[in-house]
Number of protein chains: 2
Amino acid sequence: MPSSAAEPPKSVTACVLIIGNEILSGRVQDENVAFLAKGLNDAGIRLKEVRVIPDDTDTIVGTVNEVRRAFDYVFTTGGIGPTHDDITAQCIAEAFAVKLILHPEAKRLLEGHYPPGAVNEARMRMAYVPDGAVLLPNPISRAPGFRIGNVYVMAGVPQIMQATFAELSHNLKGGAKVLSRSVSCSLGEGVLARGLGELQARYDDLEIGSYPYFRRADFGVTVVVRGIGRPRLLAATEELKALIAGLGGDPQEGASED
Amino acid sequence: MPSSAAEPPKSVTACVLIIGNEILSGRVQDENVAFLAKGLNDAGIRLKEVRVIPDDTDTIVGTVNEVRRAFDYVFTTGGIGPTHDDITAQCIAEAFAVKLILHPEAKRLLEGHYPPGAVNEARMRMAYVPDGAVLLPNPISRAPGFRIGNVYVMAGVPQIMQATFAELSHNLKGGAKVLSRSVSCSLGEGVLARGLGELQARYDDLEIGSYPYFRRADFGVTVVVRGIGRPRLLAATEELKALIAGLGGDPQEGASED
């Protein structure tokens, strides 16, 4: 259902917190941001900021309290396992000034997942959540994530995070979905810049981004047009293609996101 | 030159700002964080936080002013090209409360790079830097990055950012480099957790992280030990291998970072 430009819809915002020293040390390449960015956009939620922070109590507590007030939704990944460096749950409890409690359903899930007697003290830590939190499903290894207020706390392992997000995303309340079109050409970005700026000025309800690329002997630019109103998006894309052709370029339309 | 545990060296910190809607929309997978994380560690600088923020003036100005006071070094990528959405230079000038000025050397570099007459108004924008900034080299497309105070401003295109960083990194003043060892095994993380916590308690000068992995029918954990004192690092790694073996696991030592 395309929105008209006349009724600006509410923009619903999100912040993602990637909690983990392994991203900051460069040992692991993050995969969660790109997945969540797309998933949130599909739900009509704009990812406005990402922070990658270390496994440090003061940093986690302070950051959670800052961003949960600044954005409609906060999604965290990482730090909810059984080992000493998994401190996210206790930090979230501290941020919300509530106790960490043993959640009966989480305890039951863990005891059903492991062989009898295998839920030792370390594993039972994964059944503790901030008081008032609601469990989030983990179809892979059972130890659940949780939600408290507008903060969704998920595992850092991409497969688990993705499975959890797939289940929770149905309950997110987003606004209008941002659609996009992209057009590439082998013109220099500087050749296109003036016309592109004029196009952006005429379509100030859309967001036009210009991304140069350099490959071996080849270079060019991909222009991405994003917005919520399909007719305006298509009109701007046609004007963009005409602009490129008029400057001697060969516009190639790329993948669209609808 | 290994540091001894007796003289705790100064820890030099950094924050990376990834400026760009394309990462937040999920269209582009960031590559710059992992590269900078490794490059900074090699220079003895600890990457303590990453923020991904949109091409929005208030957000960029506010974030730059927050993080340049909180960290020893700030590195930004993105938003210094010729198009309307390239607003990083003017935002940095605003953050430092200085004017944006035409830098004579940057102008000369651009005019030498493009054919006569091709440096149009849009391209000349790339020669404007905050008053007082020092240029950073761009061996690929010439349009320079710049440094002002403790803030290093680089292009978002990975090849250009990497070439710029390679040249500037010689001048960074880091502390002791963090070394690391990793050991993997097919034990469950929960089996290892108690002993790992005790190991961390005995080696509180090191940072021990536990990272579970799940692959098809296979799962296990990689434990990473990080610290600046090589003898302690090696001793903890040996204890870790013994811990794993004692629990019936098969410790596999992974790549080290020295």
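In this predicted model, A:Arg142 occupies the loop that connects strand S6 (134-136) to strand S7 (145-148) of chain A. The phi angle of A:Arg142 is near 70°, a positive value in a residue other than glycine. Because A:Arg142 has 17 C-beta neighbours inside 10 Å, this residue counts as partly exposed.

**Loop residues of chain A**

A positive phi is also found at A:Ala97, near 55°, again in a residue other than glycine. A:Ala97 belongs to the loop between helix H4 (88-95) and strand S4 (100-102) of chain A. With 9 other C-beta atoms within 10 Å, A:Ala97 is exposed. A further loop residue, A:Asp204, is placed between helix H8 (189-202) and strand S10 (207-215) of chain A. A:Asp204 is exposed, since 8 other C-beta atoms lie within 10 Å. Its C-alpha atom is separated by 9.8 Å from that of A:Gly227, 23 residues apart along the chain.

**Confidence and overall architecture**

Chain A has an average pLDDT of 93, and 97% of its residues score at least 70. Where pLDDT is low, the predicted coordinates should not be read in detail. For the complex, the predictor gives an ipTM of 0.92 and a pTM of 0.93.

Nine helices and twelve strands make up the secondary structure elements of chain A. Its C-alpha trace spans about 70 × 45 × 35 Å along the principal axes. The domain assignment divides chain A into domain 1 (12-171) and domain 2 (179-253). The centres of these two domains, taken over C-alpha atoms, are separated by 38 Å. Of the 258 residues of chain A, 49% count as buried. Among the contacts in chain A with a separation of 6 or more, 69% are between residues 24 or more positions apart.

**Strand pairing**

Strand S1 (residues 12-19) of chain A is mostly covered, with six of its eight residues buried. S1(A) pairs in the parallel sense with S2(A) through eight bridges, and A:Ala14 stands opposite A:Leu47 in S2(A). S1(A) is also parallel to strand S3 (residues 73-77) of chain A, over five bridges; there A:Ile18 stands opposite A:Thr77.

In chain B, four strands form an open antiparallel sheet in the order S10-S11-S9-S12. S10 and strand S12 (252-253) of chain B stand at the edges with a single partner strand each, so one side of each is left without a neighbour in the sheet. Strand S9 (residues 179-185) of chain B is joined to S12(B) by two bridges in the antiparallel sense, and B:Val183 stands opposite B:Glu253.

The following table collects bridge counts and directions for these pairs and for one pair that joins the two chains.

| Strand pair | Bridges | Direction |
|---|---|---|
| S1(A) and S2(A) | Eight bridges | parallel |
| S1(A) and S3(A) | Five bridges | parallel |
| S9(B) and S12(B) | Two bridges | antiparallel |
| S2(A) and S2(B) | Three bridges | antiparallel |

**The contact between the chains**

The two chains meet through 49 residues of chain B, which are in contact with 49 residues of chain A. On the chain B side, the elements that give two or more residues are helix H1 (21-24), helix H2 (32-42), strand S2 (45-53), helix H6 (121-124), helix H8 (189-202), strand S10 (207-215) and strand S11 (218-227). By class, this side has 20 nonpolar, 15 polar and 14 charged residues. Strand S2 (residues 45-53) of chain A runs antiparallel to S2(B), to which three bridges join it. A:Val52 has B:Val50 as its bridge partner in S2(B).

**The nonpolar core**

In soluble globular proteins, nonpolar side chains tend to be buried together. The largest nonpolar core of this model has 99 residues, of which A:Ala14, A:Val16, A:Val74, B:Ala14, B:Val16 and B:Val74 touch the most other members. One of these, B:Val16, is in contact with B:Val33, B:Leu36, B:Leu47, B:Val50 and B:Phe75, leaving aside its neighbours within four places in sequence.

How values were computed: Residues numbered from 1 in each chain as written. Chains lettered and ligands numbered in written order. Predicted model: local features only at pLDDT ≥ 70, side-chain atom pairs only at ≥ 80, totals over all residues. Core = buried A, V, L, I, M, F, W, Y, C linked by C-beta atoms within 7 Å. Buried ≥ 20, exposed ≤ 12 C-beta atoms within 10 Å, placed from the backbone. Contact = placed C-beta atoms within 7 Å. Nonpolar A, V, L, I, M, F, W, Y, C, P; charged D, E, K, R; others polar. Pairing = 2+ DSSP bridges. pLDDT = per-residue confidence, 0-100. Domains from an automatic or database assignment.
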